[in-house]
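Biologist: Hello! Could you walk me through this model, beginning with a single residue and ending with the contact between the chains?

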Number of protein chains: 2
Amino acid sequence: MTDVAIEANVTTGPIPYSTKHYTDLPGVPGAKVPWRRVNLTTGEHFDLYDTSGPYTDENAVIDLSAGLPARPGVVRDRGTQLQRARAGEITAEMAFIAAREGFPAEFVRDEVAAGRAVIPANHNHPELEPMIIGKAFKVKINGNIGNSAVTSSIAEEVDKMVWATRWGADTIMDLSTGKDIHETRGWIMRNSPVPIGTVPIYQAMKEVDGDPRKLTWEIYRDTVIEQCEQGVDYMTVHAGVLFDHVLLTTDRITGIVSRGGSIMAKWCMTHQTESFLYTHFEEICEILARYDVTFSLGDGLRPGCIADANDAAQFAELRTLGELTKIAKSHGVQVMIEGPGHVPMHKIVENVTLEEELCEEAPFYTLGPLTTDIAPAYDHITSAIGAAIIGRAGTAMLCYVTPKEHLGLPNRADVKAGVIAYKIAAHAADLAKGHPHAQERDNELSRARFDYRWHDQFALSLDPETAKAYHDETLPAEAAKSAKFCSMCGPQFSAMRVSRDAREYAAKYNLIPITPIGPGTDN
Amino acid sequence: MTDVAIEANVTTGPIPYSTKHYTDLPGVPGAKVPWRRVNLTTGEHFDLYDTSGPYTDENAVIDLSAGLPARPGVVRDRGTQLQRARAGEITAEMAFIAAREGFPAEFVRDEVAAGRAVIPANHNHPELEPMIIGKAFKVKINGNIGNSAVTSSIAEEVDKMVWATRWGADTIMDLSTGKDIHETRGWIMRNSPVPIGTVPIYQAMKEVDGDPRKLTWEIYRDTVIEQCEQGVDYMTVHAGVLFDHVLLTTDRITGIVSRGGSIMAKWCMTHQTESFLYTHFEEICEILARYDVTFSLGDGLRPGCIADANDAAQFAELRTLGELTKIAKSHGVQVMIEGPGHVPMHKIVENVTLEEELCEEAPFYTLGPLTTDIAPAYDHITSAIGAAIIGRAGTAMLCYVTPKEHLGLPNRADVKAGVIAYKIAAHAADLAKGHPHAQERDNELSRARFDYRWHDQFALSLDPETAKAYHDETLPAEAAKSAKFCSMCGPQFSAMRVSRDAREYAAKYNLIPITPIGPGTDN
């Protein structure tokens, strides 16, 4: 699949307490919808949406050099998901997504047809398990990986991709800017069970030795085609950074912080002309339509600090993205819109409102936002706050931020920390939006907690390994995990035991009817 | 100061890049208002609100067995801060707070007089540096420490107190339930530069061998007096858990999760009579008024999971807390109100609205809230999201949650993780509320970031040690910290450098006026 051989090791095997489970998909022979099946000590089970691909299937044979098998039902000659949805078709991908999300397939189709949701699935990436990005669905999260000029290897990046999806990344962006950029992406594409996004201008910059002034439309176009051929599912294109916008950034504290945005700004200033991404936008649409690659219209002028949030430059670019959205959709290309960045809490919702108004409710895909600038090393937390709030307001996908943001490249531990923080933000948003199934998992875990079913509490959590390890730090004995107490209250008195007394008391005096509150509460 | 000798080691010395700085307080001879002075590489400095006491002063002599020196200006015979504020007096504590917060002393007094802010400062705790809890001021955070029946020692708890205030805890609650409960608190009180809160019923339970049925008003009263004498600054009293409320919890998924709430519920059910905390509430007021101990009216029926949030039991108790607030204030006792707990994002603001309406805007003091139940081991993050949102809505103090929540007792690393997560939430809330000085630190740090002044970026952050360590993981050489690039972009191209180009370009063509954006941006 690529000329470069690597020695890669990735993490395989089920997440503790869980097994891989598949359901068939009526109408798509051979299709298997994956689940993480949590096996409870009560004998019951609880199935979770699963992004991790075959790597968590103990029966799967993983061969990185061969890549993952192709899914059934891939169609290459009937246009994009958007075009097919408009024509009334329910694609195999839509059926798959409907099963994963628990919605009727017709609803999935209609959201795609309206441009309120996208299904990033390049015809040349048949290895992926279809997923959808749209505000009516579960809030998704993206994990960024990729090498830079100063660090990292192909094997490390493949490992990070598998690792990030293991913990719940719904898509992966390969932001490599260093060596072996094509080969790195090839290994990631062929082994990724989730859509892969890129920023093609990073690779184009390699072709011109890192000098943005030497970029040309032709170099950029050829890079885009190369990546489309390789199977990239969505691409960040900073076509909204116009020559005139650049001057709106000069009063900012942190100017232009987007790499792509600054490359285009430099190009415009050097050549004193309009951005080639903007002037050639329809040609880009024609290319993307051929492969069904989804636009992720980049926010090259996103704010890099609290002081610069929601300023004239940012919103001028958003207006241009609104124009470009209409053009892309007229070509049948699926579109999502990227958003900030650094925004204080009280200015977050305005971003969503304006994006929906200007961009016809195209799915919003934001980086955080970070709600303060003062916590480098903890920006997964500063931004999880912003991500939860913007997710609740209607943002469809949240790009993770790791503890290394602003400081260095994320390692494996950082990738996991970023993914978990963002799974929290996304799930908190799902609860607040009233997603029909979101609260079932909270309730199941809380029942386990109330029943002192410690293993089930770990099993249902986002990170069973760490939850169990933290518990065992204080009370390592296995007996403590079936005991009806915890290290906080100690064995003598337990708050939760009193709640049982209250129920018994109420029943004894027939004060109010007792409602059963779930399995196993009577033990 | 206590009969038990301990071998305690606490962390002393300045936080990297900072020195201790004091300003005099006009009108209070000998008073010294403390600051963390961040020394920048530009030769300038930036002063930060400082909770860490003498421990971060390199010139201080720390003797744990002697305790901290008393502050000047302590008055014991003129009643509570509330009574003195009503009488129009500006106390030494109010003057100190006005200097720390950057508000006129008259404003501090008026907020206290209105009951919208409290100054927890027991006459018998002269070691503390006065601080205020109220929605007009900086959002504060509390760190919980304390041993349990199964773990921890006095020395560990003193160390955690100093450690938590080093990173920014504004108050500390000693929630010890294990052995040496009186002595542990004594060591903490005498060495704490911040107000100390307790839950007296935890100690009362020790007197009855952990059996809530044996509790009596007299045992509780004597415990409260003992703790008042020792200098405790605020006390959680679960007087709002009425007999009738208990039955409202029987349909919940997690019943009663507050330890104090469940103790009182058990007592009421056993004796089939009203809570002695409620029936003797005026006597508690009389005791607290003598020492100026502040009420923290406990939410014994707070929800323990998403499903139980904002239910009848929770809000019935809140209504009772409203009644009790009026009674406490009629005795001249300062009052704050405790809040949840576990609440999904869309139900958070209602808690604040109702609290303000029912409790005359008494300062709200909430635990998180956690915005989902599914992430044990990461509840500092699930709850930092809720804390930021509830802080923005008007909550005055946020009780931290550590990664060990629901799993075990926090160790030193957990305490720091909890404090930092909550400093983030509190600061994000300050920014969103438009606190007049909050954004200055963000802007200063962002200017350092834009200028590639790496050391200043670390220095201005919440945790300079970790920020520097993360940077150095990728680029350890000292030269990399003065280089005009980072590991994300590499040396060839940098987004931020383009922003300088944009300014030069605009200046060259006289396109728009260039505004200077802060010190050192021209290097």
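Modeller: Gladly! This is a predicted model, where local features need pLDDT of at least 70, side-chain atom pairs count only at pLDDT 80 or more, and totals for chains, interfaces and linings use all residues. Residues are numbered from 1 along each chain as its sequence is written, chains are lettered from A and ligands numbered from 1 in the order written, and side-chain values use heavy atoms, without hydrogens and water.

Biologist: Which strand holds A:Ile196?
Modeller: Strands here are DSSP runs of E, at least two residues, and helices are runs of H or I, at least four, numbered from the N terminus. Residues 196-198 of chain A form one such strand, and A:Ile196 belongs to it: E8.

Biologist: Is A:Ile196 buried or exposed?
Modeller: Buried means under 20% relative accessible area, exposed over 50%, and partly exposed in between (1.4 Å probe, protein chains only). A:Ile196 has a value of 0%, so it is buried.

Biologist: How many salt bridges are there between chain A and chain B?
Modeller: The rule asks for a side-chain nitrogen of Lys or Arg within 4 Å of a carboxyl oxygen of Asp or Glu. A:Glu473 and B:Lys404 meet this way, at 2.6 Å from N to O. The count between chain A and chain B is two.

Biologist: Which helix gives the most to the side of chain A that touches chain B?
Modeller: Several helices of chain A each supply at least two residues there, including H14 (379-392) and H16 (438-450). With 10 residues, the one that gives the most is H15(A).
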